[in-house]
Amino acid sequence: MTILLPTDPTATLPAPLGGTLVNRIRRPGHDFDAAALIGLPQLELDDRAYADLEMLATGAYSPLTGFVGEADYLSIIEHLRLADGTPWSIPITLPVRREDAGTYRGRVVLTRSGEAVGWIEVQEQFDAQKALESREVYRTEDAAHPGVAALLAQGDVNLSGPVALFEVLRGAFARHHRTPAEVREVIEARGWRSSVAFQTRNPIHRAHEYLQKVALELVDGLLLHPLVGTTKGDDVPAHTRVEAYEVLLDRYYPQARTLLSVYPAAMRYAGPREAILHALSRRNYGVTHFIVGRDHAGVGSYYGTYDAQEIFGAYTAQELGIQILKFEHTFYCQTCGQLVSPRTCPHDSSHHLVLSGTKVREKLRAGEQLPAEFTRPEVAEVLRAAYSVQP
């Protein structure tokens, strides 16, 4: 299936994947009678399943209208495409325990903390191919990989079918929590004919800022889109990362050309495969460019440094519908006296200031200061304050 981009020369936004931005928001008392849900089977969602429900219902995962069926599931795993040929890299599934699967037939109410938040029209049930999914999506069957661990811990039967979400819960980030349609409205209102999205699950540091501002030299607007769904336990909490962005935006970014909006997806740590998902979903949010840097969405040493850039060769530019900006590892060189990359710096690693996420967390827990060359003092203070109250 070929994905066509708009031909209208006045169009400023890329077409959503599949051509239409999916909308599966169904409001009780407006779109349906809430009494019709009484007596239906119920399925409690964990944090990741709820995040997937929101991403599906708001169109962030267009063209998907629900959790995938077996044909799409296998095609995604084996061919990086839906069964109809549309680019897609990670199967979005709703797993349940085998002993419970018979309970879920027809319309099933989806709940969170016991409250109804949506439904799924169950059209299919099929066995999860966990070993195959682990090898192909995560490139490992190692249970120490957080994505594989989550896959192995979930149920063995996947439910498939279109979904509905009753309400977009803005949660802790109400000021920054926008649906794809709402982000598109902001981009159009600001007149950005081109825009770039930046994804991170880590606190912003100088290298991030450098990449963002280099990209902003090329396009009209910057969408700062930090992931705030479920991450592994030792990652910096989402509220701390968002606060760090807020303090930076006030002082160091052009307000009219920058938009901070949270990305409510859960993190899968699928490296190259997840880089594709992040790019395609940002196309649905309306941006024209997406930054992919060193070890995007990686964890440990499971992926090569630039595997997440190389994997985009599986698609044509027209199929992707979003331009990938590929950056090499960026760092502060103490001899150059500025942020550089291997392309621009002639000095070896002994001249470079590089701090891993683990090292940053160790310094913070020890009450040590982060070097100003690594991160802005304002960000360092946000991180220091957050870690000073942790047990």
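How many aromatic pairs does the count come to? I counted rings of Phe, Tyr and Trp (its six-membered ring) as paired if their centres lie within 6.5 Å, with planes under 30 degrees apart as stacked, over 60 as edge-to-face and the rest as tilted. By this rule I get 6 aromatic pairs.

I noted that this is a predicted model, where local features need pLDDT of at least 70, side-chain atom pairs count only at pLDDT 80 or more, and totals for chains, interfaces and linings use all residues. Residues are numbered from 1 along each chain as its sequence is written, and side-chain values use heavy atoms, with hydrogens and water left out.

Entry: Phe32 and Trp119. I find the ring centres 4.9 Å apart and the planes at 75°, so this pair is edge-to-face. Phe32 lies in the segment before β1 (42-44) and Trp119 in strand β5 (residues 115-122), so the pair ties together parts that are 87 residues apart in sequence. Strands are DSSP runs of E, at least two residues, and helices runs of H or I, at least four, numbered from the N terminus. Both Phe32 and Trp119 are buried (under 20% relative accessible area, 1.4 Å probe, protein chains only). With Phe166 they form one aromatic cluster.

Entry: Tyr61 and Trp88. Their centres are 5.8 Å apart and their planes at 85°, so I list the pair as edge-to-face. Tyr61 and Trp88 are both buried.

Entry: charges over rings (NZ of Lys or CZ of Arg within 6 Å of the ring centre and within 35 degrees of the ring normal). I found the charged end of Arg112 over the ring of Tyr50, 4.2 Å from its centre. Lys213 lies over the face of Tyr253, 4.6 Å from the ring centre.

Notes. Buried means under 20% relative accessible area, exposed over 50%, partly exposed in between (1.4 Å probe, protein chains only).
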